[in-house]
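Thanks for coming, everyone. Please have the sequence and the model open while I talk. I'll go chain by chain, then turn to where they touch.

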Amino acid sequence: MVGPLEQAILALMIAVIMLGMGASLTPRDFTSALKRPQGLFIGVVSQYGFMPLIAFTLAMVLPVSDPVKIGLLIMGCMPGGTTSNIFTYFSKGNLALSVLMTVTSTLFGVVLIPILLLVYAAGLDIDIPASNIVVTLILLLVPVAIGMAIRRWNANVGALVELGGSALGIFFIVFLLVSWVPRNWAFLLTTPPSVFLGAIALGVMGFACGYGLSILMRQTPRNARTVALETGIQNGPLAVALVVLTFASTQQQEILAVPVLYSLFIVITSSLLTLWFRRIDARSQQTLPNALL
Amino acid sequence: MTSTATARPWAAAYPPGVPAEVTAPLAATLGQLVRDTAAREGNRIAYTVVMPNGMYGDLSFAEVDRLSDAFANYLRDVAMLNPGDRVALQTPNSLTVPVVAFGVFKAGCVLVNINPLYTPAEMAHQLRDASPRLIVITDMFMDKLTEAGKLTPLPQIVVTRVAELMPRAVRGVIGLVQKHWDRSIPAHSLPHIRLPDALAKGAARPARRHDADLPPDAIAALQYTGGTTGVAKGAILTHRNLLMNMAQAMTFIAPHVAPAKEVVLTAIPTYHILAFTLNLLGFFHLGGRNLLIPNPRPLSNLKRAFENYPITWIIGVNTLFNGLMNEFWFRDAPPRTLKASFAGGMALHGAVAQRWRDMTGTDIVEGYGLTETSPVATGNPIGRAREGSIGIPMPSTEVRLIDDSGAEVPPGTPGEFTLRGPQVMAGYWQRPEDTAAAICAEGFLRTGDIATMDPDGYFRIIDRKKDMILVSGFNVYPNEVEDVLAAHPGIAESAVIGVPDGAAGEAVRAYVVRRDPELTEADIRAHCKAKLTAYKVPRQIEFRNELPKSNVGKILRRDLRAEALSSKKGA
């Protein structure tokens, strides 16, 4: 799995990336997103409505063992992850909405995750790792606030921090992929295809449902892209921590299969989706005549 | 009969605080204007270039004065130019523009702005026609200059860059991105000097006032125009032309600008006379801060400028205002500090002005003018704007509407818009026949635009002379039909022309770019019928993805007409 040093490095990288993301934001971006809270509302519905339902359906349909089913359900009930903010930034989505959605779903999660697991897993007794939730929120909010302050103080430094943050963001994505595969090579070879399918489908169907619901609710394409990424991308590390805290080591490995596989494939599917979203965005730009605009 | 020009029915329409006459220029020469302004404003910020990601660079009034002195020295004492020699400038909006333009004025030389989007052939034409002895050009266009050099001999070359004069770290990053990511800086082998080196050499020479003996009627700029009607001609604009037009336009908006308080968005290019006179000169002299946007395309490039600066004025064109209102970030947070805007260059659609008012709570003043008039000829007074009107003449400007024989038309009848005033050019560079055809003996400039005058002196442009459509003996003016089309929420833009039609002589044909993909021909006809007399309603409607446009953004009706005629012949 992931060692403490590696975890610390990842956390530091996320903090620096979020500093850069913050430097692309102004307080107005947040007030605009809050002024029309439908986007936020749709996000929460899609996060805690669709994702657990998708996970439950997959658990019912796929021929997987009970511990894997539990892993799948836990993964589906997680709040949005910080990675979704990075992908939203690169997708030219609504970053302020994405940050707000991550914060909201994380806070709501404290109450909603136990309830959802009660409904879908008939009272699975789990521990919500509070410290992990606090760390997630701090890692997200503190750097964003500092980034915004830097930009306000000096737009040149802000732009440089943003540029650095986004470069590190790309490195981070590549790093996740490159470091994951050798680490889990044996695991990849021994895991049955149905588990792969569950781990991949959870994210992809989450994207589709989030996007579909947003379009149905007449959200702007930009908000729809944001909700799609936010819905599909779950807080993987939180799921891992939750499983480790809750289950004995014999069961642990099997339950962790989905969260671990999910964490790999979500980076791949999100990258592909981001490339597609960027093309949509480029095509939607107004064409203006040359010269005098 | 008293002529309109002497009767001046518009005299009563000037708002309080706006005099009907502007008698004296703001300074003897443009160089003097820069020195006076810098002495007054000192270290306050005059120009800020804003990149799409928010990176910026500032020049203070004092720095602009000092650097343009250095460039004037370079021109006269190092490059050995003489007064009256032409200096070409080909760059997008950047800090280079004020330094070079003011340096040219201070050197007593003549500025020739070249459109950066010109093709090598167009550049060669302009270089041949204006025969500059030196060109300042952005590194991005060196490949085109190399090509142009195969068609015509090249002058001395000074190379600048978009990030010139910005802070070192930012300049480095922008340079790296342009070179290795955008790959927008071509390699070239032309002999040249870099602008910073030229400035250093100029600064090393003893300070000298090169323009001390320059008469006010000395030529300041050759401003090329006429791309839509034929071969580009250089309008000769004198120091006095530009100084007076600045004074006229700034006086006209004086009740709505505060000295040393304004932040003006300069998203339209400064090589165009509108931004040159109003932003670069007018707001500079007022002590305002110019936000120079190197590339406003896509319009999301303006987002950071709106977020980071309290913009109080926008000088723009219909396309800019319309485009901004289609951007989500602009709609979400329209600038709260905005006081008013000025639209020129092309007709401002009534529907656009109304939507703008609803969205921002501020007015767009529609002005009218030509390159030949430095450029502002008329404007709508703020708060007294009249929809569909180009407003009233600038102070000290006389207007006459004339018929084909040159006689003034009776009140209420359409006639060709002609004007006389201190902003009217001295003529076309080395084209006496064109000059004689454009400016009559009494000094009135013929614009080729057909206008009517309301009883109280507001003018309305009905059309360009040659664009008029004749349907069964009735005159249809394309602008009027396009205005109605523009008011339909499902239409992004449109162009209207006349096409030959057996029964009616000509039929009205509309080319429409849809905003709403569901929009049908029937919808458009129903909309037009509600607003227009039957003969003006387009008989033929064709949907297009885009319309042909000139490089200054004017829709090229003649291209559509030529296309329609050739397809008819082919059929």
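First, a definition: a residue is buried if 20 or more other C-beta atoms lie within 10 Å of its own, exposed if 12 or fewer, and partly exposed in between, with C-beta atoms placed from the backbone. On that count, buried residues make up 52% of the 571 residues in chain B.

A word on the source. This is a predicted model, where local features need pLDDT of at least 70, side-chain atom pairs count only at pLDDT 80 or more, and totals for chains, interfaces and linings use all residues. Residues are numbered from 1 along each chain as its sequence is written, while chains are lettered from A and ligands numbered from 1 in the order in which they are written.

Let's stay with chain B. What does its secondary structure come to? Chain B has 18 helices and 26 strands. Here helices (H or I, at least four residues) and strands (E, at least two) are DSSP runs, numbered from the N terminus.

Now its dimensions. The C-alpha trace of chain B spans about 75 × 60 × 50 Å along its principal axes.

Contacts next. Two residues are in contact if their C-beta atoms, placed from the backbone, lie within 7 Å. Take the contacts in chain B between residues at least 6 apart in sequence: 70% join residues at least 24 apart.

Chain B is divided into domain 1 (55–214) and domain 2 (468–570). Those bounds come from an automatic or database domain assignment. The C-alpha centres of domain 1 and domain 2 of chain B lie 43 Å apart.

Now some backbone details. Most residues other than glycine have a negative phi, and most peptide bonds are trans. Chain B has exceptions. A cis peptide bond joins Arg297(B) and Pro298(B), with omega about -10°. Pro298(B) lies in the loop between β11 (289–292) and α11 of chain B. Another cis bond joins Ser374(B) and Pro375(B), with omega about 0°. Look for Pro375(B) in the loop between β14 (363–369) and β15 (376–379) of chain B.

On to phi. Ser131(B) is not glycine, yet its phi is positive, near 40°. It sits in the loop between α5 (120–130) and β5 (134–138) of chain B. Ser131(B) counts as partly exposed because it has 16 C-beta neighbours inside 10 Å. Gln430(B) also has a positive phi, near 55°. Its place is the loop between β19 (427–428) and α15 (432–438) of chain B.

Over to chain A. It has 13 helices and zero strands. Its radius of gyration is 19 Å, close to the 19 Å that the globule rule gives for 293 residues, so chain A is as compact as a globular protein of that length. Buried residues make up 49% of those 293.

Finally, where they touch. How many residues does each chain bring to the contact? Chain B gives 34 residues and chain A gives 21. On the chain B side, α7 (168–181), α11 (303–308), α12 (318–325) and α13 (328–332) each supply at least two residues.

Conventions: The radius of gyration is taken over C-alpha atoms; the globule rule is 2.2 Å times the number of residues to the power 0.38.
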